[in-house]
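Please view the sequence and the coordinates alongside the text.

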Amino acid sequence: MIRRANREDAEAIAAIYNMSVAAGFCTADTEPQTTAGRRKQMEAHPGPVHCYFVFEWDGKIAGWASLAPHRPGRKALRFTKEVSFYIHPEYQSRGIGSQLLKHIIHFARESGIKTLFALLLESNTKSIGLLRKFGFEKWGHLPGVADFEGTEVGQFIFGRRVK
Ligand SMILES: CC(C)(COP(=O)(O)OP(=O)(O)OC[C@H]1O[C@@H](n2cnc3c(N)ncnc32)[C@H](O)[C@@H]1OP(=O)(O)O)[C@@H](O)C(=O)NCCC(=O)NCCS
């Protein structure tokens, strides 16, 4: 089941995110995030501007996806949002990422958003596969921008129009 997240979900959302931080090379974050920090992020831009969806499996949060504003405050960018998605390792490869991305594309379109993009490490082949599956294309490359204790990894920008 996919539903909008609420503030009580911040703990599970942060925990799933931190599993990707610990796994390494999924996100450019190298330090775990606190529940309070994630809740603050969730509440900073409520509503369709910055929103979270969670996927529940047997009452447990198995993954989440979010839409975030791109350079908030710059009005001309108001129809463009950044999408992120994180699935609990025990629930990966079961189609949950696909369901969440499909849902968020539909939600974005219904909300009047025109463009979605994701920023991801170039080594994140699984996310690239997921994005390509839903029509995202490579729009940009930031070479070597992430430094993991001396190992440099670039970032890709994958995007697609939804309207
Ligand atoms: C990337 C991630 C969100 C995918 O979620 P998931 O629930 O495991 O994905 P799904 O089971 O829906 O598979 C989605 C698609 O990914 C692609 N995919 C899956 N495994 C892949 C692999 N090893 N290599 C390339 N593409 C792969 C396929 O296109 C697959 O679709 P298909 O099964 O119809 O062929 C999940 O693995 C994850 O949370 N990873 C860690 C966090 C992360 O990297 N987040 C992205 C930061 S922007």
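## Basis of the values

This is a predicted model, in which local features need pLDDT of at least 70 and side-chain atom pairs count only at pLDDT 80 or more, while totals for chains, interfaces and linings use all residues. Residues are numbered from 1 along each chain as its sequence is written, and side-chain values use heavy atoms, with hydrogens and water left out.

Helices (H or I, at least four residues) and strands (E, at least two) are DSSP runs numbered from the N terminus. Accessible areas come from the Shrake-Rupley method with a 1.4 Å probe, and for residues only the protein chains shown count as cover. Buried stands for under 20% relative accessible area, exposed for over 50%, and partly exposed for values in between (1.4 Å probe, protein chains only).

## Nonpolar core

The largest nonpolar core has 29 residues. A core of this kind is a set of buried Ala, Val, Leu, Ile, Met, Phe, Trp, Tyr and Cys residues joined through side-chain atoms within 4.5 Å. Leu67, Val83, Leu101, Leu116, Leu131 and Phe136 have the most contacts inside the core. In soluble globular proteins, nonpolar side chains tend to be buried together.

Two or more residues of this core come from each of strand 2 (51-57), strand 3, strand 4, helix 3 (96-110), strand 5 (115-121), helix 4 (125-133) and strand 7 (151-161). Helix 3 gives the most, with seven residues.

## Salt bridges

The structure holds three salt bridges, each defined as a side-chain nitrogen of Lys or Arg within 4 Å of a carboxyl oxygen of Asp or Glu. Side chains of opposite charge can pair when their charged atoms come close. Arg3 pairs with Asp9, with the closest N and O atoms 2.8 Å apart. Asp9 counts as buried because its relative accessibility is 6%. Arg3 also forms a salt bridge with Glu56, where the closest N and O atoms are 2.6 Å apart. This second pair links distant parts of the chain, with Glu56 in strand 2 and Arg3 in strand 1 (residues 2-4), 53 residues apart.

Arg7 and Glu43 meet through their side chains in a salt bridge of 2.8 Å, N to O. This pair also links distant parts of the chain: Arg7 is in the loop between strand 1 and helix 1, and Glu43 is in helix 2, 36 residues apart. Arg7 is partly exposed at 43% relative accessibility, and Glu43 is partly exposed at 40%. Salt bridges that share partners join Arg3, Asp9 and Glu56 into one network.

## Surface patches

Patches are made of residues with over 30% relative accessible area and no salt bridge; like charges are joined within 9 Å, and nonpolar side chains (Val, Leu, Ile, Met, Phe, Trp, Tyr) within 5 Å. Lys and Arg count as positive and Asp and Glu as negative, with His and the chain ends not counted. The place of a charge is NZ of Lys, CZ of Arg, CG of Asp or CD of Glu.

A patch of positive charge on the surface gathers Lys75, Arg78, Arg109, Lys114, Arg161 and Lys163. Arg78 sits in the loop between strand 3 (60-69) and strand 4 (80-87), and is partly exposed at 42% relative accessibility. Leu119, Leu142 and Val145 make a nonpolar surface patch of about 220 Å². Val145 lies in strand 6 (residues 137-148) and is partly exposed, because its relative accessible area is 49%.

## Positive phi angles

Phe25 has a phi near 60°, a positive value in a residue other than glycine. Phe25 is placed in the loop between helix 1 (10-23) and helix 2 (35-44), and its relative accessible area of 38% makes it partly exposed. Arg71, also not a glycine, has a positive phi of about 50°. The loop between strand 3 and strand 4 contains Arg71, which is partly exposed at 47% relative accessibility.

## Separations in sequence and space

Pro32 is in the loop between helix 1 and helix 2 and counts as exposed, at 58% relative accessibility. Pro32 and Ile128 are 96 residues apart along the chain, and their C-alpha atoms are separated by 23 Å.

Cys51, in strand 2, is buried at 3% relative accessibility. Pro69, in strand 3, is buried at 15% relative accessibility. The C-alpha atoms of Pro69 and Glu11 are separated by 22 Å, and the two residues are 58 residues apart along the chain.
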